[in-house]
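Subject: Structure handover

Hello,

Please find the structure below. My notes follow it.

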Amino acid sequence: MYDLLMLPQCKGNNHWVLLVASVMSRTVTIYDSLGGNNKALFDLFCQFMCQRAQIVKDGLEKFSSEFKAPPCNKQHHGNSCGVFALMTAKCLVMKMHPTMLRQAHDSVYRD
């Protein structure tokens with residue numbers, strides 16, 4: 001029914017990252033505009049999906065034991081992480097590479 005689960009996550013009460021789980025490949029990718037260590041967030045997501053599987057029987061309990069943290073655009077000041085997370089999501093929905101944030105930004109203002 002869907003390809004990606006996109007979950008913006010707030011880390012430490014002040015930094016937003018985007019967790020993207022691919023339903024087909026059962027992989028988890030975390031886009032972080034500060035490039036931090038997100039292993040704990042990945043582990044928490046996997047724990048949640050295992051617990052969820054006890055209630056919802058849709059086969060989504062198993063994801064790869066390794067997560068991806070690909071290069072992505074970096075923020076240059078301390079208050080734009082939420083915008084980066086949302087624009088990365090927009091790129092993925094538009095089937096653009098997440099480093100193409102500028103083009104996604106421009107399309108927001110053309111639409």
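Which residue in E3 does leucine 18 stand opposite? Leucine 18 stands opposite tyrosine 31.

This is a predicted model, in which local features need pLDDT of at least 70 and side-chain atom pairs count only at pLDDT 80 or more, while totals for chains, interfaces and linings use all residues. Residues are numbered from 1 along each chain as its sequence is written, and side-chain values use heavy atoms, with hydrogens and water left out.

Overall content: the chain has three helices and four strands, in the order β-β-β-α-β-α-α from the N terminus. Helices (H or I, at least four residues) and strands (E, at least two) are DSSP runs, numbered from the N terminus.

Of the 111 residues in the chain, 37% are buried (under 20% relative accessible area, with a 1.4 Å probe and protein chains only). Strand E2, residues 15–22, has seven of its eight residues buried, so it is largely enclosed by the rest of the structure.

Pairing (at least two DSSP bridges between two strands): E2 pairs with E1, residues 4–11, in the antiparallel sense over eight bridges. Within that pairing, glutamine 9 has valine 17 in E2 as its bridge partner. E2 also runs antiparallel to E3, residues 27–31, and five bridges join them.

Hairpins: three residues lie between E1 and E2, and glycine 12 takes a positive phi near 60° there. Between E2 and E3 there are four residues, and arginine 26 takes a positive phi near 55° in that hairpin.

Regards

Technical notes
Buried means under 20% relative accessible area, exposed over 50%, partly exposed in between (1.4 Å probe, protein chains only).
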